[in-house]
Amino acid sequence: LISDMTDYPDSDEDYASTNKGTWENGTWVYDENTERLLIKGSGVLSSTFKNANGTEISIVNYLSGKELNNIVICEGITGVADDVFYSENGVDTVNISLPSTLTSIGSSAFRNIKATGIRVNGSLDYIGSNAFYGSGITKIDLSKSVLTKIEKYAFANCKSLTTVILPNTVKEIREGAFYSSGLTKIQLPESVVNLGKKAFSNCLSLVKITIENNGITIYADSQ
């Protein structure tokens, strides 16, 4: 489950120099005992770490081969930049914790990540294209977010994704947003006015779409 848990130790003095360091707007530490990566700071999380020895490395390369149970993005961080956790083989973790301060998730930010769930807070107003493409998430509740659109292929190819709850603020579901996902049913709130091409195409388990707005524009090949 991806939750809003943001607890972390007061000191990282006991960690090896290769398991702690800085990033552009904060600090990070990896605990081998708990298999937890904690990222502290402010602003938008970038894709590069610097360890205590001064060596720069991408987050994905640093995590490669690590035993990883939790990624905790702490309070104060407002965004995750494009491609931060994107790996062709997928970052292998069980849980990701998102802060209540998070407002944006960049394009391909969590693409292919193997975590299984996500809980979204009320501040989130942007999820980029391909943000969760091919990820292992099984359910996403966006009802507390303030999203106005679901970007292209944001949740495409999420084979285990069976349930999505959309917010009453969303107006547009863009091309391929849930293409080839595992959805079984979905309810489109009255706020939705545009449904893009192939938004739900190749969703082989999808048996029901509830549309609350009779005036919705549905483009060809939405299904």
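**The nonpolar core and its aromatic pairs**

The largest nonpolar core has 58 residues, and Phe 85, Phe 110, Ile 150, Phe 155, Phe 178 and Phe 200 touch the most other members; such a core is a set of buried Ala, Val, Leu, Ile, Met, Phe, Trp, Tyr and Cys residues joined through side-chain atoms within 4.5 Å, where buried means under 20% relative accessible area, exposed over 50% and partly exposed in between, with a 1.4 Å probe and protein chains only. Among the elements that give two or more residues to this core are strand 2 (26-31), helix 1 (59-63) and strand 17 (185-188), and helix 1 gives the largest share, four residues. Helices (H or I, at least four residues) and strands (E, at least two) are DSSP runs numbered from the N terminus.

The model is a predicted one, in which local features need pLDDT of at least 70 and side-chain atom pairs count only at pLDDT 80 or more, while totals for chains, interfaces and linings use all residues. Residues are numbered from 1 along each chain as its sequence is written, and side-chain values use heavy atoms, with hydrogens and water left out.

Ten aromatic pairs are counted, taking rings of Phe, Tyr and Trp (its six-membered ring) whose centres lie within 6.5 Å, with planes under 30 degrees apart called stacked, over 60 edge-to-face and the rest tilted. The pair of Tyr 30 and Tyr 62 is edge-to-face, because the ring centres are 6.3 Å apart and the planes stand at 80 degrees. This pair links distant parts of the chain, since Tyr 30 belongs to strand 2 and Tyr 62 to helix 1, 32 residues apart. Tyr 30 counts as buried at 3% relative accessibility, and Tyr 62 is buried with a relative accessible area of 7%.

Phe 110 and Phe 132 have ring centres 5.4 Å apart and planes at 10 degrees, so this pair is stacked. Phe 110 lies in the loop between strand 10 (104-105) and strand 11 (117-119), and Phe 132 in the loop between strand 12 (126-127) and strand 13 (139-141), so the pair ties together parts 22 residues apart in sequence. Phe 110 is buried at 2% relative accessibility, and Phe 132 at 1%. Both rings belong to one aromatic cluster, together with Phe 85, Phe 155, Phe 178 and Phe 200.

Charged side chains also meet aromatic rings. Lys 66 lies over the face of Tyr 30, at 5.9 Å from the ring centre, under the rule that NZ of Lys or CZ of Arg is within 6 Å of the ring centre and within 35 degrees of the ring normal.
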